[in-house]
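Let's walk through this one together, piece by piece.

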Amino acid sequence: MNSDNLISIFQFFLLLLLQAFLLNNINFFGFINPNIYLLYIIVYRLDGNPTLIIILGFIMGILLDLLSQGSGGHTIATLTIAFIRPFIIRFSFGVNYDVPMGMIKGSLLNQRLLYLSMMVVIHHLILYSVIFSSFENIVNILKNTLFTSFFTFILVFVSLGLFKEKND
Amino acid sequence: MRQLINALLKYKNTLLYLGLLIISLVFLNQRSFYHESIFSSVALTFSSKFNKAGKSVSSYLDLSNNNKKLIAENIKLKALELMDFTEKSDKVRVIDSFAFQVLGARIIKNSYNRARNYLIIDQGFKHGIETEMGVISSDGVVGIVNQVTADFSSVISILHRDLKINAGFKKNGAYGSLSWQGKHPKRMKLNDVSTLNPVMLGDTIVTGGMSDYFPQGIPIGKVFNFQKPEFEGYYDIDIELFSNLTQKEFVYILKNMKKGQLNKLKSE
C-alpha cells in the first residue's frame, strides 16, 4: 500500500465525516446543505480504475446515508455519478484526454469548470430526484438542485486548492 | 464460454453499477416508507398487468380442469335435484328415499343416425360403473349402460329401437312405455297410455317410478301430437324430447343403491 492509497483512504473518511457531521447540518436558507463529499469522486485520478470508483462511490453513499439517516438518495446519486464519470470526463476534456493527475494541472480552465459543474449538477439532480421521487415535486427538485449545486460548486472549487496543496 | 467471459469483463462496470444500483434501491426501499410506497405501487402496476396476461393464458390452459370441477359440482347439484324430485313426489312407491349415486362422465362417441344407437363414455368399472345403470344428462334421459370395460362403458341410447323406458305424465302419473321409432332424434312415442286419462298437447312427460334405472320425475319431453284410435284403449302419443341428444357432451350415471333389494323382491 503506497502513500497515494493511504492519502486516498484518509480523504475518503475525512470527507465522509465532514459531510455527515458538519455540512449536513448547515441548512443554509433552510434547505441548502452543500455536498462536499462529491469532491472525492471528482478528484479521484482521472485514469484511475473505473470499477474501483464505482465501488467506492457506493460505499461512500451508503455510509453517508447511514450516518445522516438519509433515505438512500446519496447512495444512488453517488453510485451513478461514479459510474458515468468516465463519460463526463470524455465529454469535458475531449476524447484524447491525457491528464494523469486530473484537471488540476494541464487542463484548460473552461474544461475544468465544465467537468466540475456537470459532476455537481448531475449528482444533485439525481439526488433530489430520488429524494422527492415524484413529478408533482419537479419544482422542488429543480430548486434544490439549482441552489445546492451552486453552493457545492463553490465549496468544491475552493477545496480543490487545498487538495492540490496536499497532493503536491 | 470465453466470449461470454470477455463480454462480462467488457461490461463489468455496467454490471457492477446495475448490481449496486439494485442494492441501493433495496436499501432505499427499506429505509423510506415513501419510497417503499412508490416501489410497491409501481410493482403493483406491473405485476397486475403481467398477472392479467398470465392469468388469461393460464385460465385458457386450465379450461379442462375447470370443466372437471364443474362436472363434479354438477354431479352434486344433480344429486340434490334428483333428491328433491323424489322427496316432493308423493307417488314414490319403489323408492322411498333417494337411492341413487350420481357419477359423471364425458361422452366419447355418440351416434344418433342409426336405428340402434349407442354411446361410449369415458368411465368404466374402475370408476364404479356397472351394467344396467341409468344415464341422464342435464336436461333429460340419455340411456342405459350395457357394457363395461375398465375405462369405458357403452350406453344404449334411448334412440334405440329395442329400448323401452317407463315414462309417465307429470300431471297425473298415467304411465306408458317410451320408445323410439328410428326417425327423428328428438321425437319418440309413448305407448300403452290408457284412453281413460286425459291428454293435452304440451303435457310434460317424466320418467316413471317403475324402472330400476331412473328415479321418478326426471323430465323427458312434452306431448307434441296425439291420436285417440277408435277401437283401441290406448293413445298414440308423439313426444318431443327436451334434450338434444345430438349435441351432448357430459352425462351423469345413476347407480341404484337398492337394486339388489329390488331384484331380490322381484325374483321371489
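How many residues does the contact take from chain B and from chain A? The contact takes 12 residues from chain A and 13 residues from chain B, where two residues are in contact if their C-beta atoms, placed from the backbone, lie within 7 Å. Before going further, some housekeeping: this is a predicted model, so local features need pLDDT of at least 70 and side-chain atom pairs count only at pLDDT 80 or more, while totals for chains, interfaces and linings use all residues. Residues are numbered from 1 along each chain as its sequence is written, and chains are lettered from A and ligands numbered from 1 in the order in which they are written.

On the side of chain B that touches chain A, α2 (12-31) and α3 (33-61) of chain B each supply at least two residues; helices (H or I, at least four residues) and strands (E, at least two) are DSSP runs, numbered from the N terminus. The largest share of that side, 10 residues, comes from α2(B). By class, the side of chain B that touches chain A has seven nonpolar, four polar and two charged residues. Here Ala, Val, Leu, Ile, Met, Phe, Trp, Tyr, Cys and Pro count as nonpolar, Asp, Glu, Lys and Arg as charged, and the others, Gly among them, as polar.

Now look inside chain A. Helix α1 (residues 3-21) of chain A and helix α3 (residues 50-67) of chain A have axes that come within 10 Å and cross at roughly 30°. Axes are lines fitted to C-alpha atoms, for helices over the stretch in contact, and angles run from 0 to 180 degrees between N-to-C directions. So α1(A) and α3(A) are roughly parallel to each other (angles under 35 degrees count as roughly parallel, over 145 as roughly antiparallel, 65 to 115 as roughly perpendicular and the rest as oblique). From α1(A), the contact is made by A:Phe12, A:Leu16, A:Gln19 and A:Ala20, and from α3(A) by A:Leu56, A:Met60, A:Leu63, A:Leu64 and A:Leu67. That gives the contact of α1(A) with α3(A) eight nonpolar residues, one polar and no charged ones.

Over to chain B, which has five helices and 12 strands. A hairpin of five residues joins β1(B) to β2(B). Strand β1 (residues 100-110) of chain B runs antiparallel to β2(B), with three bridges joining them; two strands pair if DSSP finds at least two bridges between them. B:Asn110 has B:Leu119 in β2(B) as its bridge partner. Strand β5 (residues 153-160) of chain B is also antiparallel to β2(B), this time through five bridges, and B:Ile120 stands opposite B:Ser154 in β5(B).

Finally, find the barrel. Six strands of chain B close into it in the order β6-β7-β8-β11-β10-β9, with antiparallel pairing, and the twist averages 40° from one strand to the next. Strand β6 (residues 165-169) of chain B and strand β7 (residues 175-179) of chain B share four bridges, with B:Ile165 opposite B:Leu178. In the loop between β9 (204-207) and β10 (219-227) of chain B sits B:Gly209.
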